[in-house]
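Please keep the sequence and the model open while going through the points.

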Amino acid sequence: MLALILILILSYLIGSIPSGLIAGRAIWHKDLRHYGSGNIGATNAYRVLGTKGGALVFLMDFLKGELAVVLASTFCGTPSTMILAGFFAIVGHMHSIFLKMQGGKGVATSLGVITILMPKVAVIIVIVWGAIVFATRYVSLGSITAALMTPILAMAFSYHKYYVIFSIVAAAFIIIKHKDNIARIRKGRENRF
């Protein structure tokens, strides 16, 4: 039990690391919270810092999700612990203790988690995300669609019910984080990629 608690705390702290803020300040001397959408995620980093900045922030956020799951796998080894660790990393990214419980939208970190837990699903949602973004140039719409597809694909590939439940909850968190984007898409005011 103590090992589980420590893994979950560590996973939350890993998720809480504000990659976009750190990279923006350290390399480009810009605080992403004061530019573009004000979000510290990869999309805003791309708009503000350029392709290299966006790619770096995406990779850092992605690895946070992977690292949490790998740590849980290494020290506890049970699927339920891996799922919980991944979820805590996502929550940490969205509600960072280092940013007064503010944070990103959790897409890259969630993908990192899913890549370890459900690699087949990860491949398909990346393709779906890419197709939606290519067709509409709305990153947010691609992210929302990919989130919605995740539990459906988890069920289609017959993953254990814990994976499906995780997918539903994570998708709900991501969609809630995109509520302003959804409103802007409906009004035709969302920024295009």
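**Notes on the model**

1. Glutamate 190 has a relative accessibility of 10% and counts as buried; here buried means under 20% relative accessible area, exposed over 50%, and partly exposed in between, with a 1.4 Å probe and protein chains only. Glutamate 190 is the salt-bridge partner of arginine 184, with 2.8 Å between the closest N and O atoms. A salt bridge is a side-chain nitrogen of Lys or Arg within 4 Å of a carboxyl oxygen of Asp or Glu. Arginine 184 is partly exposed, at 33% relative accessibility.

2. The model is predicted: local features need pLDDT of at least 70, side-chain atom pairs count only at pLDDT 80 or more, and totals for chains, interfaces and linings use all residues. Residues are numbered from 1 along each chain as its sequence is written, and side-chain values use heavy atoms, with hydrogens and water left out.

3. How many salt bridges does the structure hold? There are four. One of them joins aspartate 31 to arginine 33, and the closest N and O atoms of this pair are 2.8 Å apart. Aspartate 31 is buried at 10% relative accessibility, whereas arginine 33 is partly exposed, with a relative accessible area of 37%.

4. Another salt bridge links lysine 64 and aspartate 61, with the closest N and O atoms 3.4 Å apart. Both residues belong to helix α4, where they are three residues apart, about one turn of the helix. Helices (H or I, at least four residues) and strands (E, at least two) are DSSP runs, numbered from the N terminus.

5. Threonine 109 is a residue of helix α6. Its relative accessible area is 0%, so threonine 109 counts as buried. Which residues touch threonine 109, apart from its neighbours within four places in sequence? They are Asp61, Phe62, Lys64, Gly65, Ala89, Ile90 and His93. Contact means heavy atoms within 4.5 Å.

6. Helix α5 covers residues 79-94, which makes 16 residues. The expected span of a helix is 1.5 Å times one less than its number of residues.

7. Helix α5 is mostly covered, with 12 of its 16 residues buried. Among them are Thr81, Met82, Ile83, Phe87, Ala89, Ile90 and His93. What covers the buried residues of α5? The cover includes α1 (2-16), α4 (51-75), α6 (107-117) and α9 (161-177).

8. A search of the whole structure finds four aromatic pairs. Rings of Phe, Tyr and Trp (its six-membered ring) pair if their centres lie within 6.5 Å; planes under 30 degrees apart count as stacked, over 60 as edge-to-face and the rest as tilted. The rings of phenylalanine 58 and phenylalanine 62 have centres 5.9 Å apart and planes at 20 degrees, so this pair is stacked. Phenylalanine 58 and phenylalanine 62 are four residues apart in helix α4, about one helical turn. Phenylalanine 58 is partly exposed at 34% relative accessibility, while phenylalanine 62 is buried, with a relative accessible area of 14%.

9. In the pair of phenylalanine 87 and phenylalanine 88, the ring centres are 6.4 Å apart and the planes are at 80 degrees, so the pair is edge-to-face. Phenylalanine 88 is partly exposed, with a relative accessible area of 30%, and Phe87 is buried. Phe87, Phe88 and Phe173 form one aromatic cluster.

10. Lysine 120 is in helix α7 (residues 119-136). With a relative accessible area of 53%, lysine 120 is exposed. Not counting residues up to four places away in sequence, lysine 120 touches Phe157 and Tyr159. Between lysine 120 and phenylalanine 173 there are 53 residues in sequence and 22 Å in space, C-alpha to C-alpha.
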